[in-house]
Amino acid sequence: MEQNKNALKYNEVWIAQRADPYVYRHSDGKYYFTASLPEYDGIALRCADSLESLPSAEEKMVWRKHESGPMSFHIWAPELHYLFGKWYIYFAAGERDDVWKIRPYVLECQGDDPMQGEWIEKGMMQCADEDEFSFRAFSLDATIFENKGKYYYIWAEKVGVGRQISNLYIGEMEAANKLKTVQVLLCTPDYDWERKGFWVNEGPAVIKRNGKIFVTYSASDTGINYCMGMLTADEDADLLDPKMWSKKRYPVLCSDEDLGIYGPGHNSFTKDNDGNDILVFHARTEREIVGNPLYNPNRHAMLMKFDWNDEGEPVFHF
């Protein structure tokens, strides 16, 4: 009976007021959830044995922002990863006296249990020694994936003068808090649907299947225009060669007026306990945003069960 009571419902609010949702399923089967908090004041984790149980799981604040200086404002888009034999949290943060000085930072857990272990600050993510560009400007939304024994770091960073453009970049990792290679431009907002309100590519997420690597990302401003695009590469390709990646001409997920789901994006991927592929994303349930979109708390975590087409690509539909 308990299982039926907590049965997953798709394409509706799963965990309220949690933007940029990230779900990680560890090798022991436990699910971990983290997201941007409405107050942008720290990083919280939940842990449960199933997706059904995460909404009611205790939320534990594992790190709080500083009072001033780096990591003191706009704590955004945390992700929990287990790599190089340890637990890490990757997130972006600004400074109270320079709130848009958003940079990527790293926390490291000193124990085997991310819910109980002490988290220490590893500082800002470091670029390769010869890299003169990475993390010099507004940088956020880092994600990490493994392929052929190597770890890769994908992030969004703004470039240009005046009204800046947010691109996606990729680099191979040398350590949990340092890149081995100079940044490579992965994609830039060159289609009309990526340029509404702002020219944006951000929020990358990775899923692998049948020899292919898929990177979904979010585009345009964060209201009704926010949507998901997708890149594809072969797992045997040189992933640091941008020519090896192909970009979908049209978005793979958009707002749905009939269902009242607006601005779907900034997703992650997981599987449920039955092995079904699940898209974890945030969206709004009202068409018009009250107040500043950045400080309106009503971006909610939702779930979608998705399929694969005959070409081996994920297909997302409400």
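This is a predicted model: local features need pLDDT of at least 70, side-chain atom pairs count only at pLDDT 80 or more; totals for chains, interfaces and linings use all residues.

Student: Now take strand E12. Is it mostly covered or mostly uncovered?

Tutor: Strand E12 spans residues 165-175, and eight of its 11 residues are buried, so it is mostly covered under the cut-off of under 20% relative accessible area.

Student: How many bridges join strand E11 to E12?

Tutor: Eight bridges join strand E11, residues 150-159, to E12, and the two run antiparallel. Within this pairing, Tyr153 stands opposite Gly171 of E12. The hairpin of E11 and E12 has five residues between the strands, and Gly160 in that hairpin takes a positive phi near 95°.

Student: What joins E12 to strand E14, and what joins E12 to strand E13?

Tutor: Strand E14, residues 184-187, is joined to E12 by three bridges and runs antiparallel to E12. There, Ile170 stands opposite Val184 of E14. Strand E13, residues 178-179, is joined to E12 by two bridges, again antiparallel. Lys178 in E13 is the bridge partner of Ala175. E12 and E13 form a hairpin with two residues between them.

Student: You mentioned phi. How should I read a positive value?

Tutor: Most residues other than glycine have a negative phi. In this model, Tyr40 is a residue other than glycine with a positive phi, near 55°. Met71 is another residue other than glycine with a positive value, near 65°.

Student: Where are Tyr40 and Met71 found?

Tutor: Tyr40 is in the loop between strand E3 (31-36) and strand E4 (42-48). Met71 is in the loop between strand E5 (60-64) and strand E6 (73-83).

Student: Why does Tyr40 count as buried?

Tutor: Tyr40 counts as buried because its relative accessible area is 6%, and the cut-off is under 20%. Met71 is also buried, at 5% relative accessibility.

Student: How do I look for empty space inside?

Tutor: Rolling a probe the size of a water molecule over the atoms shows where empty space is left. This structure holds one cavity of 30 Å³ or more. The largest cavity has a volume of about 70 Å³.

Student: Which residues lie nearest the centre of the largest cavity?

Tutor: The lining has 13 residues, and Pro38, Tyr40, Asn296, Pro297 and Arg299 lie nearest the centre. By class, the lining has seven nonpolar, four polar and two charged residues.

Student: How many salt bridges does the structure hold?

Tutor: To read one, look for a side-chain nitrogen of Lys or Arg within 4 Å of a carboxyl oxygen of Asp or Glu. The structure holds 18 salt bridges. One of them joins Glu146 and Lys208, with the closest N and O atoms 3.9 Å apart. This pair links distant parts of the chain, since Glu146 is in strand E10 (residues 139-147) and Lys208 in strand E15, 62 residues apart. Glu146 is partly exposed at 33% relative accessibility, and Lys208 is partly exposed at 35%.

Student: Which residue forms a salt bridge with Lys248?

Tutor: Glu313 does, and the closest N and O atoms are 3.0 Å apart. Lys248 lies in the loop between E18 and strand E19 (262-271), and Glu313 in the loop between strand E22 (307-308) and strand E23 (314-315), so the pair ties together parts that are 65 residues apart in sequence. Lys248 is partly exposed, at 30%, whereas Glu313 is buried, at 19%.

Student: Which residues are linked in a network of salt bridges?

Tutor: Arg18, Arg46 and Glu59 are linked in such a network.

Terms used. Residues are numbered from 1 along each chain as its sequence is written. Side-chain values use heavy atoms; hydrogens and water are left out. Buried means under 20% relative accessible area, exposed over 50%, partly exposed in between (1.4 Å probe, protein chains only). Helices (H or I, at least four residues) and strands (E, at least two) are DSSP runs, numbered from the N terminus. Two strands pair if DSSP finds at least two bridges between them. On a 1 Å grid over the protein atoms alone, a cavity is a set of points where a 1.4 Å probe fits but cannot get out, and a pocket is an open set with protein on both sides within 12 Å along at least five of seven lines; lining residues have an atom within 4 Å of a point. Grid points are joined across faces, edges and corners, and a volume is the space filled by probe spheres set on the points. Ala, Val, Leu, Ile, Met, Phe, Trp, Tyr, Cys and Pro count as nonpolar, Asp, Glu, Lys and Arg as charged, and the others, Gly among them, as polar.
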